[in-house]
Amino acid sequence: MSTKTTLLENLIEKFGFDAAAFIPSPNMSWLTGQTKILMERPTTLLYRPGKKAALIIAGFEVDAAPAMDIPVEVFPFSDNPAEWGEAFRKAGEYLGLAGKKIAVEPIHFRFLEYQFLQNAIPGCQISGAQP
């Protein structure tokens, strides 16, 4: 386990969350060591302590996953927006996030990804993570 994931896990526990979700932002870059550009596609990293992170990403970007600083399980989606929710559902199931409290960055997290999480993961509670 890296120093970054240890710090993240401590913060998740300290503030009473079960997991954290990131979209391309400075914090996602810090955690993964990669700079992703925020675009119309909902690239999202879900992190739950004790599990490999789930990376929801466009299929054409899958080759970037092995270069990340943390291990990730990849959940690719196609260019068809009607199918994007399925990648979120599979990632949520993989991490066991149904009914769990998920922290998001209140300044960076978009409504688009919020809706995908809310619709794909039954009973999850999404809340801004602020100390």
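I began with the lining of the largest pocket and sorted its residues by class: 17 are nonpolar, three polar and one charged. The model is a predicted one, and I keep that in mind throughout.

**Entry 1. The largest pocket**

I looked up the volume next. The largest pocket holds about 460 Å³ of space. Its lining is made up of 21 residues, and Leu8, Leu11, Phe22, Asn27 and Ala129 are the closest to the centre.

Which element gives the most to this lining? I found that H1 does, with four residues. I then noted the elements that supply at least two residues each: helix H1 (3-14), strand S1 (19-22), helix H2 (26-32) and strand S5 (101-104).

**Entry 2**

S1 was my next stop. I checked which way its side chains point. Ala19 and Ala21 go one way, Ala20 and Phe22 go the other, and all of them are buried. In a regular strand the side chains alternate between the two faces of the sheet.

On S5, the sense is parallel, over three bridges. Ala20 sits opposite Ala103 of S5, and Ala21 has Val104 as its bridge partner there.

With S2, S1 runs antiparallel, and three bridges join the two strands. I looked up Ala21 again here: its bridge partner in S2 is Leu46.

I then went on from S5 to S6. These two strands run parallel and are joined by four bridges.

**Entry 2. Ser25**

I moved to the loop between S1 and H2, where Ser25 is found. Is Ser25 buried or exposed? I read a relative accessible area of 7% for Ser25, so it is buried, since the cut-off for buried is under 20%. Leaving out residues up to four places away in sequence, I see Ser25 touching Glu105 and His108.

**Entry 3. Helix H4**

I listed the buried residues of H4: Glu113, Phe116, Leu117 and Ala120. Why do I say that they line one face of the helix? Viewed down the axis of H4, the buried residues fall within an arc of 95 degrees, so they line one face. Phe111 and Asn119, on the other side of H4, are exposed.

What do the buried residues of H4 pack against? I found four elements: S1, strand S2 (44-47), helix H3 (84-95) and strand S6 (125-128).

I took Glu113 of helix H4 first. Glu113 has a relative accessible area of 0%, so I log it as buried. I checked its contacts, not counting residues up to four places away in sequence. Glu113 touches Ile23, Arg41, Pro42, Thr43, Thr44 and Phe88. Pro42 is 71 residues from Glu113 along the chain, yet their C-alpha atoms are separated by 5.9 Å.

Gln115 came next. Gln115 also belongs to helix H4, residues 111-120. I found a relative accessible area of 36%, so Gln115 is partly exposed; that value lies between the cut-offs of 20% for buried and 50% for exposed. I also looked up how far Gln115 is from Ala67. They are 48 residues apart in sequence, and 28 Å apart in space, C-alpha to C-alpha.

Notes:
Residues numbered from 1 in each chain as written. Predicted model: local features only at pLDDT ≥ 70, side-chain atom pairs only at ≥ 80, totals over all residues. Heavy atoms only, no water. 1 Å grid on protein atoms, 1.4 Å probe; cavity = no way out; pocket = protein on both sides within 12 Å on 5 of 7 lines; lining within 4 Å. Points joined across faces, edges and corners; volume = space filled by probe spheres on them. Nonpolar A, V, L, I, M, F, W, Y, C, P; charged D, E, K, R; others polar. Buried < 20%, exposed > 50% of the residue type's maximum accessible area, 1.4 Å probe, protein only. Arc of directions from axis to C-beta. Contact = heavy atoms within 4.5 Å. Pairing = 2+ DSSP bridges.
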